[in-house]
Amino acid sequence: MKAAAISLLILLLLSCAKPDAVRAVVNAPSGLRMRSAADTSSPVVTVIAHGTTVTVLRETGEVVTISGVQGKWTEIQHGTQTGWVFGGFLGKAAAASDL
């Protein structure tokens with residue numbers, strides 16, 4: 001009976017676990033501007049270097065074209081900062097299992 005209760009508790013805890021964070025790599029040779037809002041006229045928070053891995057939080061619904069590249073505005077976390085970048089300049093990061 002005790003083993004069954006422990007097994008049930010473990011299953012419950014595993015079902016509540018958060019999914020792995022979605023990671024992306026900056027693919028902009030001159031750096032990617034992170035902005036305070038999903039708009040090219042919003043203030044720049046920081047510029048993220050090419051090749052930097054960031055955490056994707058969410059995307060906007062509509063695809064836009066910037067500098068001939070299509071993508072969605074994407075909210076990301078970079079270190080302790082959170083802001084918006086144009087997702088057309090983000091690439092898929094290698095999964096931990098691929099390393």
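**Rings, burial and a salt bridge**

Tutor: Gladly! A search of the whole structure finds 2 aromatic pairs. This is a predicted model, where local features need pLDDT of at least 70, side-chain atom pairs count only at pLDDT 80 or more, and totals for chains, interfaces and linings use all residues. Residues are numbered from 1 along each chain as its sequence is written, and side-chain values use heavy atoms, with hydrogens and water left out.

Student: Why is the pair W73 and F86 called edge-to-face?

Tutor: Rings of Phe, Tyr and Trp (its six-membered ring) pair if their centres lie within 6.5 Å; planes under 30 degrees apart count as stacked, over 60 as edge-to-face and the rest as tilted. The centres of W73 and F86 are 6.2 Å apart and the planes are at 70°, so the pair is edge-to-face.

Student: What makes F86 buried or exposed?

Tutor: Buried means under 20% relative accessible area, exposed over 50%, partly exposed in between (1.4 Å probe, protein chains only). F86 has 3% relative accessibility, so F86 counts as buried. F86 also forms an edge-to-face pair with F89, 5.4 Å centre to centre with 65° between the planes. F89, at 21%, is partly exposed.

Student: How do you know that R58 forms a salt bridge with E75?

Tutor: A salt bridge is a side-chain nitrogen of Lys or Arg within 4 Å of a carboxyl oxygen of Asp or Glu. The closest N and O atoms of R58 and E75 are 2.6 Å apart, so the pair qualifies. R58, at 48% relative accessibility, is partly exposed, whereas E75, at 16%, is buried.
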